[in-house]
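Colleague: Could you take me through this model by way of a few questions, with the criteria behind each answer spelled out as we go?

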Amino acid sequence: MAPSLLLLLHPGVVLADSRGTFEASFMLLCITSLYLVIRGLERDDRLNLFLGGLALGAACLFRSTPLLFPPLLAAYLVWSRRFDGRWKQALGHVAVLVLGLSIILSPWVIRNSRLTGEFIPTMTIVGMSSHHGQRICLNADVGSGRRKYDIEAYEEELQLVKQLGLEHRGAHTCCGPFFYSPKDEVKWSRFLSVRVISRYREKPSDLLRCVANNSLGFWVWGGSAMADRFNMVVQIPIAILFILGLVRTILQWPIPE
């Protein structure tokens, strides 16, 4: 109850009306999917698992991160049921979930394939988001804001896209260059992804540094130093309650005999 009230009263949620529908819909679909999946697993009900997959697929149309849920669920179910021999049944449950997910994502995947000739499950923003994230986590400190480094990453992208000779119609600090060709957009995203990964391979300590910075920055980073401080006041209680709830849940998990 407490985390829900904190989220409901969070000034960012109250003021950011332009993202209110997006965030609320995404959270609703994720929670609905989780409820249906738990219900399906408890009752061995494939219909609920299938409906949970449909809801999960709809959530993935907002953000692609829920795509990680099916493989993680499969790994957990196989591990937790390895002693009683029901792991094969568990994989069947996950397959039903994936079927529902695939039905929702199929039109999007087919559309992307026809436009680019490649398999793209959702969007081509991985390269841009990872490039911006790398610039921020390697330069910004919690309490200093991230907007400055967002702009620096954007300005670097304008230079890089010129070097690649990709035609585009301008750009925006939030979204990068806008391309005329979907294939150029895919090429651009892949180029940035390779660039980011190469940096981490050359200096693995940068990856560890980003993980450490993001562990706190995920909760409190804002556009300015004042936003960071304000986020700390509001977000840290939510983070503490989340951690306490997670620990309590783990401690209550049944141990297979």
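Modeller: Before we start, this is a predicted model, in which local features need pLDDT of at least 70 and side-chain atom pairs count only at pLDDT 80 or more, whereas totals for chains, interfaces and linings use all residues. Residues are numbered from 1 along each chain as its sequence is written, and side-chain values use heavy atoms, with hydrogens and water left out.

Colleague: In which helix does His93 lie?

Modeller: Helices here are DSSP runs of H or I with at least four residues, strands are runs of E with at least two, and both are numbered from the N terminus. On that assignment, the helix that holds His93 spans residues 87-116 and is α6.

Colleague: Is His93 buried or exposed, and what is its relative accessible area?

Modeller: The classes are buried for under 20% relative accessible area, exposed for over 50%, and partly exposed in between, with a 1.4 Å probe and protein chains only. Leaving aside neighbours within four places in sequence, His93 is in contact (heavy atoms within 4.5 Å) with Leu41, Asp44, Leu49 and Arg81. His93 counts as buried because its relative accessible area is 2%.

Colleague: Which residues does Val37 contact, leaving aside its neighbours within four places in sequence?

Modeller: Once its neighbours within four places in sequence are set aside, the residues in contact with Val37 are Leu49, Gly52, Phe69, Leu73 and Leu97.

Colleague: How far apart are the closest N and O atoms of Arg135 and Glu156?

Modeller: A salt bridge requires a side-chain nitrogen of Lys or Arg within 4 Å of a carboxyl oxygen of Asp or Glu, and by this rule the count comes to four. Arg135, Glu152, Glu156 and Arg195 are linked in a network of such bridges. For the bridge between Arg135 and Glu156, the closest N and O atoms are apart by 2.6 Å.

Colleague: How many residues apart are Arg135 and Glu156?

Modeller: The pair links distant parts of the chain, with Arg135 in helix α7 and Glu156 in helix α8. Arg135 is partly exposed because its relative accessibility is 21%.

Colleague: What is the relative accessible area of Asp206?

Modeller: Asp206 forms a salt bridge with Arg199, the closest N and O atoms being 2.9 Å apart. Arg199 is partly exposed, with a relative accessible area of 36%. Asp206, in turn, is counted as buried because its relative accessible area is 4%.
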